[in-house]
Amino acid sequence: MRDWHDIRDELRNFALGLPETHEDHPWGESVIKVNKKVFLFLGMDEPTEKWDPTFGVKLLSETHGHALTIEGAEPSGYGLGKAGWVTIPFMSELPETEILLDWVEESYRAIAPKRAIKLLDSQPSQHESDGQP
């Protein structure tokens, strides 16, 4: 099993490669924003007594249901779950990284302004294999 730090870093780096994104640290946690709105919650850098390593994304349709099948995954707190947000533990058996990156992109597309999505659609996919169209 891969170290959760590696997976977290991969999600973070992918998210920061999307158009018009930046990292912020409200509440002492890492989040990735587009247009001042969070689309990826990464939590704290290290586990604490009260916090286990998790990430949160906004998912729609069947991906939302798929994410909730991961052991320990749940609708996000503070009413976010009602809007499609899912909190997923890094320590669970996670799907392939490609799927997690797809979820990050789906969350981005749900939050980003149209101009940023247009920029994303005009560039090659970040997580396609090198040399592939």
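This is a predicted model: local features need pLDDT of at least 70, side-chain atom pairs count only at pLDDT 80 or more; totals for chains, interfaces and linings use all residues.
The crossing in which α1 passes α3 is right-handed. On the side of α1, the contact is made by Ile7, Glu10, Leu11, Phe14 and Ala15, and on the side of α3 by Thr97, Leu100, Leu101, Val104 and Glu105. By class, the residues of this contact between α1 and α3 comprise seven that are nonpolar, one that is polar and two that are charged.

Helix α3 also packs against helix α2, which is formed by residues 61–68; the axes of these two helices come within 11 Å and cross at roughly 130°. The helices α2 and α3 are therefore likewise described as oblique to each other, and their crossing is left-handed. In this contact, Thr63, His66 and Ala67 of α2 meet Ile99, Trp103 and Glu106 of α3. The residues involved in the contact of α2 with α3 divide into three nonpolar, two polar and one charged.

A further packing partner of α3 is helix α4, residues 114–121, with an angle of about 140° between the two helices and their axes 8 Å apart. Here Glu105, Tyr108 and Arg109 of α3 are in contact with Ala116, Ile117, Leu120 and Asp121 of α4. The contact of α3 with α4 has four nonpolar and three charged residues, and no polar ones.

The largest pocket has a volume of about 530 Å³. Its lining consists of 21 residues, of which Glu29, Trp51, Thr54, Tyr78 and Thr87 are the closest to the centre of the pocket. Two or more lining residues are given by each of the elements β3 (37–43), β4 (54–58), β5 (74–75) and β6 (85–89). When the lining of the largest pocket is divided by class, 10 residues are nonpolar, seven are polar and four are charged.

Key:
Residues are numbered from 1 along each chain as its sequence is written. Side-chain values use heavy atoms; hydrogens and water are left out. A crossing is left-handed if the near helix is turned anticlockwise from the far one by less than a right angle, and right-handed if clockwise. Helices (H or I, at least four residues) and strands (E, at least two) are DSSP runs, numbered from the N terminus. Contact means heavy atoms within 4.5 Å. Ala, Val, Leu, Ile, Met, Phe, Trp, Tyr, Cys and Pro count as nonpolar, Asp, Glu, Lys and Arg as charged, and the others, Gly among them, as polar. Axes are lines fitted to C-alpha atoms, for helices over the stretch in contact, and angles run from 0 to 180 degrees between N-to-C directions. Angles under 35 degrees count as roughly parallel, over 145 as roughly antiparallel, 65 to 115 as roughly perpendicular and the rest as oblique. On a 1 Å grid over the protein atoms alone, a cavity is a set of points where a 1.4 Å probe fits but cannot get out, and a pocket is an open set with protein on both sides within 12 Å along at least five of seven lines; lining residues have an atom within 4 Å of a point. Grid points are joined across faces, edges and corners, and a volume is the space filled by probe spheres set on the points.
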